[in-house]
Amino acid sequence: QVLERSRDVVDDVSVSLRLWDTFGDHHKDRRFAYGRSDVVVLCFSIANPNSLHHVKTMWYPEIKHFCPRAPVILVGCQLDLRYADLEAVNRARRPLARPIKPNEILPPEKGREVAKELGIPYYETSVVAQFGVKDVFDNAIRAALISRRHLQFWKSHLRNVQRPLLQAPFLPPKPPPPIIIVPDPPSNNEERPAHLLEDPLCADVILVLQEKIKIYAHKIYLSTSSSKFYDLFLMDLSEEDQQSTAGHGGFGVAVTAAAERMLHQEERHHGRDFLLRAASFDICESAEEAGPGQRKPCLRASTSDGILRGDRYENGERGLRRGRNLSSWSRAFTSIQEEMAEDPLTYKSKLMVVVKMDASIQPGPFRAVLKYLYTGELDENERDLMHIAHIAELLEVFDLRMMVANILNNEAFMNQEITKAFHVRRTNRVKECLAKGTFSDVTFVLDDGAISAHKPLLISSCDWMAAMFGGPFVESSTNEVALPHTSKSCMRAVLEYLYTGQFSSSPDLDDMKLIILANRLCLPHLVALT
């Protein structure tokens, strides 16, 4: 095998190579190698400047002394070290060899200068990268054959042999593609909304049960999970519900007359807009008092001291409210009105929507319904499943009623598919609310415009947002947040990711700016996806 590999064909000339590898310490043995050599390959390491210095001071003079007519080729070895990770190389060499310093790596210009000074060809090789090895031996053979071509015997046989050729430049190997480790997405999407329901940060809705129990909630969660709540919160509270009043017959006329008297009195005494301090009325159904198939009307005054308010607000009238009677609109609700209420966490007054629920709705089952509206899940161990189904029917949440039926039929495993469909449906509604700005409670002021968002969704999906809106910062009590050096396209992509957990690119999106914004908001999962 050694004999076969020693044969080579260069420029149509068959050559048999005999290699003599000399050592630096064996001075006597080198004399025998120099004796009948046809070409000398003089090597040095590009990671050892002293070896290149010894080429001029020791090796080349010695070669010319023992074989003055033999051609010489200068070769720089270990070319791969010029582009390698020296720290990794030094770890592999330790402790058998000294570490290589970066300032010791010789550029190719240094080797060319020495070769030009000595008048010999210069090549570079790397066994690791498999570069230049064949070039060195082919051109060494050419140099040896050219030195014989002046002899009469070899003139005709070596006429096609070329002089040593220039070496093609070395192209460093392409670095391996970066290993992008996508971290796990944020914690379970169902846990944070459930925590937000228990700890109602940035709540904007108060649900009143049985005239005394208050439950704080968020418009965006209720409206995107229930079409009934969606229609409720989009209702125009400045319009009077004339149809429900007319439906009560003579009772409605009496209420209207009383209201008109109150309006004229307020106008005489104060000279302002008409104010109407009202009590919302409802029809009570009692099977015991009324006969079968009969309906006995009775008055039921709301315990709230709210004031129904007209279309416009006047300066100084902070106590005025807008409201509407809902007894004829839905069996689940009694009334809705806007009023100044105290935030349960910050204890600051702000305008909130107060919705009074029907007296038949119990607090315990209703909290289970709210948990479903926030998370899409229903606990199989809930006690009053029938009452939960009743509330779901009143709110027209038919998926929840189906989940209750599955639990009662010992088919709770089917509820997983209902939960998945719930999240898909709510994701689409959340995207729609983001695009239209519906139920938004904060506006981000950006470099190229503004974009509306929803604090509850941001709090439940981003720790950075939760700290900003829930901490002692100015942004927690304002409706505008300035984010300098941020574009609308990047902010919209971040909001869609926080709302839906998915990232979708667009042509106008700058990836680097999005990575900067995601790092700023402490979203490593979005950074990796980008």
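**Notebook: a first look at the chain**

I'm working from a predicted model, where local features need pLDDT of at least 70, side-chain atom pairs count only at pLDDT 80 or more, and totals for chains, interfaces and linings use all residues. Residues are numbered from 1 along each chain as its sequence is written, and side-chain values use heavy atoms, with hydrogens and water left out.

Next, burial. Of the chain's 530 residues, 42% count as buried (under 20% relative accessible area, 1.4 Å probe, protein chains only).

Then I looked up the elements. The chain has 21 helices and 15 strands (DSSP runs, H or I of at least four residues for helices, E of at least two for strands, numbered from the N terminus).

I also checked one helix pair. The axes of helix 13 (residues 363–375) and helix 16 (residues 415–436) come within 9 Å and cross at roughly 65° (axes are lines fitted to C-alpha atoms over the stretch in contact, with angles from 0 to 180 degrees between N-to-C directions). Helix 13 brings Tyr372, Leu373, Tyr374 and Thr375 to the contact, while helix 16 brings Ile418, Phe422, His423, Arg425 and Arg426 (contact means heavy atoms within 4.5 Å). I get five nonpolar, two polar and two charged residues there (Ala, Val, Leu, Ile, Met, Phe, Trp, Tyr, Cys and Pro are nonpolar, Asp, Glu, Lys and Arg charged, the others, Gly among them, polar).

Terms used: Buried < 20%, exposed > 50% of the residue type's maximum accessible area, 1.4 Å probe, protein only.
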